[in-house]
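Subject: Structure handover

Hello,

Here is the structure I promised to pass on. My notes follow below it.

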Amino acid sequence: MSNDLPPAKQGKTTGIINAERQANTGSLPKVKNSATSIYLRKKPPRRRYEIILALAASLGAVYFVANSFAPTVAKARSLMKKGDVDGGLAMLSVLAERRNCEALKTLAAFHFEGKLIPCNVPRGIHYLELAAYHGDVEAQVKMADLCAQDGYRAAAFLMLAADSGEVASMCRLGKMFYFGEDVHADYGKAKKYLEMAAAAGDISATGLLGQMQYQGQGMPSDREKGLAKLRLAAGKGDAAAGEFLHTVEEAVADF
């Protein structure tokens, strides 16, 4: 039996039904200004920039959601202050595994202080040492202080800090090797680090270099250049340079 209506009843309604059937099969007739045109309109293709904007919006939403749940040191601290110590430690541990130096230093501080978690100094040193090896200058200097009894280990951490541009560590190394503080005196190494510090503007390093140059320690003796450095350092308030300069001037006067 045919599904079409009898010829006598075919009309406007039948045309609409047939148009719907053809639209569903993908075969769309060309109809102009008829009642079936509403069923034959195709959705206009999306422009490229609209697609790009839609993708960007989707990616932005994903990024926002991901970062909302991303672990941070601030979130970990907040959790611990609210009483969720385990949750905060877990978050810090995740960050520490990613070599996050701030997380490593935070874990070290918690273990040193023993406030929110039991005090565990060796564990604190472990985390601080990891931060130092991962390039954190503050951790490197603190490790040097903790290793003060082991001069060479302290010097190793100070060298890391000096290579990162920490001027105080350069000067400290220079003085360690000059005076032989917990290490064997080495004028060559003292000169190297004092020159680095002096070039960065450290006045005490300039004064000690002047003293070395005046006395010919680690470099050829040049009294005029040595005195110039000493006067420069003393004029800017370096007490050690002033004392040495005064001693030299008294010796010259007595002579």
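Start at leucine 146. Its relative accessible area is 49%, so leucine 146 counts as partly exposed (buried is under 20%, exposed over 50%, partly exposed in between; 1.4 Å probe, protein chains only). Leucine 146 sits in helix H8, residues 137-146 (helices are DSSP runs of H or I with at least four residues, strands are runs of E with at least two, and both are numbered from the N terminus). Together with Phe112 and Val121, Leu146 makes a nonpolar surface patch of about 240 Å² accessible area. Patch members have over 30% relative accessible area and no salt bridge; nonpolar side chains (Val, Leu, Ile, Met, Phe, Trp, Tyr) are joined within 5 Å, like charges within 9 Å. A salt bridge puts a side-chain nitrogen of Lys or Arg within 4 Å of a carboxyl oxygen of Asp or Glu. Areas are Shrake-Rupley values with a 1.4 Å probe; for residues, only the protein chains shown count as cover.

Two notes on the source. This is a predicted model: local features need pLDDT of at least 70, side-chain atom pairs count only at pLDDT 80 or more, and totals for chains, interfaces and linings use all residues. Numbering runs from 1 along each chain as its sequence is written, and side-chain values use heavy atoms, without hydrogens and water.

The overall picture: 14 helices and 0 strands. Of the 255 residues, 31% are buried. The accessible surface is about 16400 Å², with 56% belonging to carbon and sulfur atoms.

Next, H4 (residues 73-81). Val73, Ala76 and Met80 are buried there. Seen down the axis, the buried residues of H4 fall within an arc of 60 degrees, so they line one face (the arc is taken over directions from the helix axis to the C-beta atoms). They pack against H5 (85-97) and H6, where contact means heavy atoms within 4.5 Å. Ala74 and Lys81 are exposed on the other side of H4. Glycine 83 follows H4, with a positive phi near 110 degrees.

Last, lysine 105 in H6 (residues 101-113). Buried or exposed, this lysine 105? Lysine 105 is buried, because its relative accessibility is 15%. Its side chain makes a polar contact of 2.7 Å with that of glutamate 138 (N or O atoms within 3.5 Å; within protein, one must be able to donate a hydrogen and the other to accept it, and residues adjacent in sequence count only if both atoms are side-chain atoms). Leaving aside residues up to four places away in sequence, lysine 105 touches Leu128, Ala131, Asp136, Glu138 and Ala139.

Best wishes
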